[in-house]
Amino acid sequence: MKTIPIALTLMLAGSVPAFTQDVTKSPPPGAFKAVSSLVKLPDFLPGMGQLFVDPATLPAGPFLAYDHDGKLVSTVFMLPIKDLSPDKRFDDLAAPGGVVDHVSVYYNAGHPGVEEPHAHVVLWHVSKADEARVAK
Amino acid sequence: MRGKDDGAHVWFDPIGIRVSPGQMVRWTNRDPGNSHTTTSYHPAIFERPLRMPPGARPWNSDYLLPGQSFSVTFDREGVYDYYCVPHEHAGMVGRIVVGMPTPPAPSAEAGSANPVPEVALSAFPPVEEILAKGIVRRA
């Protein structure tokens, strides 16, 4: 009987996502860097917040966005338009931010770091009303 | 240099302007959520096609954060085309006409390793319109 809990423990361990660190407060741990420290962009982007990204995951991300109080508001993926094609896939993108309230998808003309037209896929971890926390 | 809050639209305002030889043009980034450049089309800068009078000095502002400015003084008559590095593929380009160039056509050198994308080529305002109006804004 003792082998069953051990096997169960191993199964559970195998199902835990690779990304288990808490990212709800800024700055996120691990390889995440402030986007403004990587490229010449404002530290706080109106409509998005303060962005962090692991450079190894560019251009798609995830980018983690925080409000002025350092609280996580969204996880953003940036997908180049030219890569949304029959020959390209984006699989297994990490989504470490937890519960998603709603999702926004919109076109972006480009910016330093992702210097081509792309789509922003925004997983909001806050309510629609709380998007105002990063409006300005 | 302007842009919408969500970054969906970016543009130079005005997109076309006529100045006299010796005048200075200053670009200021008025887009609160993005960085922009003003970069001339010249083989010496990112191996781009020549789209300015031969012999004129090319320029590249590098990234300008919101509120930052960059200036260029134009001494030689002719047509000068420029672009924003991260937004050329979104059609963010501009044109400056200095004096009354003859013929009133942009300088363009074919065969560049980094040609101008079609979306940018189609965005330049006609030289004739700039000469007629002095200032051309985005439609």
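**Exercise 1. What is the mean pLDDT of chain A, and what percentage of its residues reach 70 or more?**

Solution. This is a predicted model, in which local features need pLDDT of at least 70 and side-chain atom pairs count only at pLDDT 80 or more, while totals for chains, interfaces and linings use all residues. Residues are numbered from 1 along each chain as its sequence is written, and chains are lettered from A and ligands numbered from 1 in the order in which they are written.

Step 1. pLDDT is the predictor's confidence in each residue, from 0 to 100. Its mean for chain A is 88, with 85% of the residues at 70 or more.

Step 2. Within chain A, confidence is lowest in helix α1 (residues 3-15), with a mean of 43, and highest in strand β4 (residues 63-66), at 98. Helices (H or I, at least four residues) and strands (E, at least two) are DSSP runs, numbered from the N terminus.

Step 3. Where pLDDT is low, the predicted coordinates should not be read in detail.

**Exercise 2. Determine how many residues of chain A are in contact with chain B, and describe them.**

Solution. Step 1. Contact requires C-beta atoms, placed from the backbone, within 7 Å. By this criterion, 16 residues of chain A meet 18 residues of chain B.

Step 2. Strand β6 (residues 102-108) of chain A gives the most to this side of chain A, with 3 residues.

**Exercise 3. Identify the edge strands of the open sheet in chain B.**

Solution. Step 1. The sheet has 5 strands in the order β5-β7-β8-β3-β9 (chain B), with mixed pairing; strands pair if DSSP finds at least two bridges between them.

Step 2. β5 (39-40) and β9 (135-136) of chain B each pair on one side only.

Note on methods: Two residues are in contact if their C-beta atoms, placed from the backbone, lie within 7 Å.
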